[in-house]
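Keep the sequence at hand.

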Amino acid sequence: MSEKDYAPLSTACVRALHDKLYEKRKTAALEIEKMVKEFAAINNTSQIKRLLKVLGQDFALSQNPHARKGGLIGLAATAIALGKDTSNYTDELIKPILGCLSDQDLRVRYYACESLYNVVKVSRGAVLPHFSAIFNALSKIATDPDQHVKNASELLDRLLKDIVTESTCFDLEGFMPLLRERIYTKVTFARQFVISWISVLDMVPDIDLLFYLPEILDGLFRILADTNLEVKKMCETTLSEFLRNIKSDPSKVNFPAMINILINHAQEKNDDLVQFIAITWIKEFVQLSGPAMLPYMSGIFTAVLPCLAYDTDARRMTDIKETATAVNFTLMKLIAVHGEENNVRVNSSGEETISKLDLPSVVDVLTQYIMHNSIQTKVAVLKWIHDLYTKLPEEMVNHIDVLFPALQRTLADEADQVVQQCLVVIAEVISSPVTKTSPVNSEGAVVKHLGCETNPYYNKFLISLLQSFNTEKRLLDERGSFIIRQLCVLLNAEDIYRNLAHILLNEPNLKFARLMVEHLNMILLTSSELFEMRSRLKELSTEESRSLFCCLYETWSYNPVATVALCLLTQSYGHVCDLIRLFGNLEVTVDFLMEIDKLVQLIESPIFAYLRLELLQVPCDKNLIRALYGLLMLLPQTDAFQTLRVRLSCIPSLHLHCDEKGAIKENPRPTHTKNIDFDKLLQHFIEVQEKYKEYKKMTRLKDITYADKELSNLEI
C-alpha cells in the first residue's frame with residue numbers, strides 16, 4: 001500500500017482508519033477534519049473530492065469491515081469540517097453511507113447510522129434531494145434485529161423529520177411512488193415507521209397530503225389491521241386526522257377515487273376496528289359528496305346491508321350497526337332528492353362530472369341480499385326496493401322481471417315483518433299506474449285487468465301466489481291467511497277477492513280450488529281487515545256488492561259449506577235452505593262434516609251475532625230457522641250438534657213466530673236480494689258439484705292405475 005494510493009491521506013491516517021480499535025479510527029477522523037478545514041479555507045475543492053472518493057470507494061466499499069467503519073467515520077468528519085459547504089458534496093457523502101446501512105456487519109450498520117446522522121445534521125435541507133433514498137434505507141433498517149442499530153436509526157429518523165417539517169421545498173410528488181410501495185410492507189416495525197412519516201407529512205402546513213390520499217388509503221387500512229396494538233392506534237389516529245381534514249374542506253377531496261377502497265375494507269369481518277372505521281368514512285363520504293356517491297350505491301350496499309344484522313352486546317359491533325343504519329338513512333335521503341336522471345357536480349379540478357345511479361347493479365345487489373339470513377337486512381332491502389320503485393318508477397319498471405321472482409320467494413319467509421314488508425313492495429308494484437310494459441290491444445288501448453286497469457303484474461302475481469299455495473301446502477297453511485289479509489289491507493280487498501275468484505274458477509286442480517275457497521272464506525268471515533267488505537256483502541245494497549256476491553258464489557260453489565256460509569253472511573236464507581236440501585246428494589265425508597262443525601263455531605262467533613239476533617224478531621225469517629235446523633240434521637251428535645241444538649232451543653216462545661195453523665210467519669221486510677237470480681246460481685252450484693264429482697272419480701282412477709303399475713314393477 002503506497003501513500004499515493006490514498007492521497008491526500010497520510011500513511012498513519014490510513015493505517016488508523018483500518019484499525020479495529022474505535023479510538024484509533026476516531027484519531028484519524030480528527031486528522032481528516034483538520035485536513036478538510038484547511039482545504040476548505042483555500043477553496044481546494046479538488047482535494048476535498050479526492051478525499052471523498054478515497055473514503056467512499058476505497059474504504060466504504062472495502063472487504064475489511066474495520067476499513068468500512070473507518071471510511072464512515074471519515075465521511076462524517078469531512079461533513080463536520082465542511083459545515084455549511086456540505087451541500088456541495090452531498091452526493092459523495094451520502095451514497096457510500098447508504099450502501100453501508102445494509103451491511104451484513106451490525107457494527108458497520110450502526111456506524112453508518114451514526115455517520116449519516118452527522119452528515120444530515122450538518123447538511124439540513126441540502127439532503128432533501130436524497131430524501132427518497134434515505135427514507136428507503138431507513139424503512140429497511142427500522143426492522144433491524146439489533147436494538148443498538150434501531151436506536152441509532154430512530155435518532156436519524158427524528159432528525160430527518162425535523163428537517164422535512166421546517167422545509168418549504170419537500171418533493172412530495174417524487175416521494176409518493178416510494179411511499180406507495182413501502183406502505184404495503186407486512187413487517188410491524190416497518191409499518192410503524194411508514195405511519196409515523198405519513199403523520200409527520202400530514203402536519204406540515206405546506207404539504208397537502210389529501211391530494212395523494214387515494215394512493216395510500218388502501219395501505220393505511222391494511223396497516224390498521226396489524227396485530228400490534230401500538231401500530232393500530234397510530235394508524236387509527238392518522239386516519240382520524242385525515243377524516244377531520246376531509247370534513248373541514250371536502251371541495252378538494254376526490255371521493256370517487258377512494259369509495260371502493262372503503263367498500264372493500266368495510267367488509268372486513270376479521271377486524272371490527274377496520275370495519276367500523278371504513279363504514280364511518282363511508283358515512284361521511286355519502287354526507288359530504290352527495291350525488292357523487294350514486295354510481296357506487298351497489299358497492300355501498302354490499303358493505304352496509306350485512307352490518308344491519310349485527311345483534312350483539314359488543315360495543316364495537318353496536319357502533320358498526322348504528323353507523324351502517326346512518327349510511328342507509330342518508331342514502332335514502334339522497335335518493336329522495338335525486339329527482340333528475342343525472343346529477344351534475346363539479347369535481348376538485350373544476351370539471352363537471354355526471355353522477356348517475358347505476359340502477360342495474362343496485363337491483364342486482366338488492367336481489368342477492370333479499371335472501372340474507374338476517375331479518376333486519378331483508379327488511380332494509382325490501383324498504384329499498386319499495387323506495388326506489390316509488391321514487392324512480394320509470395327506471396325501476398325495467399327491472400321488475402328480475403325482482404319479482406325474488407319477492408315471491410320471500411313470501412315464504414318465517415318472519416312476519418319480512419313478509420309484511422315484502423307485501424308492501426308487491427302492492428306498490430302491482431298497483432302502480434300505466435307502465436312502459438303495460439300490454440295494449442290491437443287498437444292501442446291498455447289492456448284492463450280486474451282491480452288494476454294499468455298493471456299486468458296484478459293478475460300475474462295473484463296467479464303465481466295461488467300456484468305457490470298449490471305446490472307448497474305448508475305455505476298456504478302457515479302463511480296463506482297472513483298474506484291474503486295483508487294484501488287486502490294494502491290493496492282493495494274486493495278487487496283481491498274478485499281476481500282470486502276468477503282465477504280459481506278456471507283452476508284445473510279442483511281439490512286445490514275447494515281447499516283454497518275454504519281458506520278464503522274463513523279469512524272473509526273472521527278477519528278484522530275485511531270488516532267493511534263483510535258489511536257490504538251483508539247488506540247487498542249496491543249493484544257492486546251484489547256483483548261481488550255473484551262473483552264469489554261462482555267460485556265458492558267448489559266448497560258447499562263455504563257457499564252456505566257466504567249465503568248466511570249475505571242473509572240469503574232461502575237459498576241456504578235450497579243448498580242444504582242438495583247436500584243429501586253430496587258425498588258426506590269426514591272433512592265435509594268437519595267443515596260444517598267449523599261453520600257452527602262461526603255462527604256462535606261475533607261475526608254472526610246479527611244472525612242470532614234475527615231469531616228474536618217477530619215474525620222471524622222462516623228460512624233462517626229451517627236453514628239452521630237443516631245444518632243440525634246434517635251433523636252427527638257431536639259438540640257442534642249440541643251447541644246448535646241449544647242455540648235453537650233458546651229461541652223465545654217459538655209459537656210467537658207461527659200463525660194460527662202452526663206455520664212459521666214470513667218476515668214482511670223487503671228482500672235485499674231481489675235483483676239476484678238465485679235459480680241460476682243454484683244451477684251453477686249443481687254443475688260445479690257434478691264437475692267436482694267427476695274430478696274425484698278420475699283422480700281415484702289415476703291413483704288405482706298408478707298403484708297397479710307400481711305393483712307390476714315390483715312383481716317384475
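This is a predicted model: local features need pLDDT of at least 70, side-chain atom pairs count only at pLDDT 80 or more; totals for chains, interfaces and linings use all residues.

Q: How are H5 and H6 oriented to each other, roughly parallel or roughly antiparallel?
A: H5 spans residues 90–100 and H6 spans residues 106–123. Their axes lie 8 Å apart, at an angle of about 155°. Angles over 145 degrees count as roughly antiparallel. So H5 and H6 are roughly antiparallel.

Q: Which hand does the crossing of H5 and H6 have, left or right?
A: The two helices touch through residues that include Leu 93, Ile 94 and Ile 97 in H5, and Ala 112, Leu 116 and Val 119 in H6. The contact of H5 with H6 has nine nonpolar, three polar and one charged residues. The crossing of H5 and H6 is left-handed.

Q: How are H3 and H4 oriented to each other, roughly parallel or roughly antiparallel?
A: H3 covers residues 45–59 and H4 covers residues 65–82. The axes come within 8 Å and cross at roughly 155°. The cut-off for roughly antiparallel is over 145 degrees. H3 and H4 are therefore roughly antiparallel.

Q: How many charged residues are in the contact of H3 with H4?
A: The crossing of H3 and H4 is left-handed. H3 brings Ile 48, Leu 51, Leu 52, Leu 55, Gly 56 and Phe 59, and H4 brings Ala 67, Arg 68, Gly 71, Gly 74, Leu 75, Thr 78 and Leu 82. By class, the contact has eight nonpolar and four polar residues, and the charged residues number one.

Q: How many charged residues are in the contact of H7 with H10?
A: H7 and H10 (residues 188–203) pack at about 145°, with axes 10 Å apart. Phe 131, Phe 135, Leu 138 and Ser 139 of H7 meet Ala 190, Phe 193 and Trp 197 of H10. Six of the contact residues are nonpolar and one is polar. The number of charged residues is none.

Q: Which helix gives the largest share of the lining of the largest pocket?
A: The largest pocket holds about 800 Å³ of space. Its lining has 27 residues, and Lys 511, Arg 514, Asp 591, Tyr 692 and Lys 696 lie nearest its centre. H22 (457–471), H25 (510–526), H30 (590–603) and H34 (678–715) each give two or more lining residues. The largest share is eight residues, and the helix is H34.

Q: How many residues in the lining of the largest pocket are charged?
A: The lining of the largest pocket is made of 27 residues. Asp, Glu, Lys and Arg count as charged. Nine lining residues are nonpolar and six are polar, while the charged residues number twelve.

Q: Which helix gives the most to the lining of the largest cavity?
A: The count is one cavity of 30 Å³ or more. The largest cavity has a volume of about 110 Å³. H25, H28 (560–569) and H30 each supply at least two lining residues. The most, four residues, comes from H30.

Q: How many residues in the lining of the largest cavity are nonpolar?
A: The lining includes Met 522, Val 561, Leu 599 and Leu 602. Glu 518, Glu 595 and Lys 598 are also among the lining residues. By class, three are charged and two are polar, and the nonpolar residues number six.

Q: Where is Arg 124, the residue with a positive phi?
A: Most residues other than glycine have a negative phi. Phi of Arg 124 is near 55°, a positive value. Arg 124 sits in the loop between H6 and H7 (131–141).

Q: What is omega for the peptide bond from Ala 7 to Pro 8?
A: Most peptide bonds are trans. Pro 8 lies in the segment before H1 (11–18). The bond from Ala 7 to Pro 8 is cis, with omega near 10°.

Key
Residues are numbered from 1 along each chain as its sequence is written. Side-chain values use heavy atoms; hydrogens and water are left out. Axes are lines fitted to C-alpha atoms, for helices over the stretch in contact, and angles run from 0 to 180 degrees between N-to-C directions. Angles under 35 degrees count as roughly parallel, over 145 as roughly antiparallel, 65 to 115 as roughly perpendicular and the rest as oblique. A crossing is left-handed if the near helix is turned anticlockwise from the far one by less than a right angle, and right-handed if clockwise. Contact means heavy atoms within 4.5 Å. On a 1 Å grid over the protein atoms alone, a cavity is a set of points where a 1.4 Å probe fits but cannot get out, and a pocket is an open set with protein on both sides within 12 Å along at least five of seven lines; lining residues have an atom within 4 Å of a point. Grid points are joined across faces, edges and corners, and a volume is the space filled by probe spheres set on the points.
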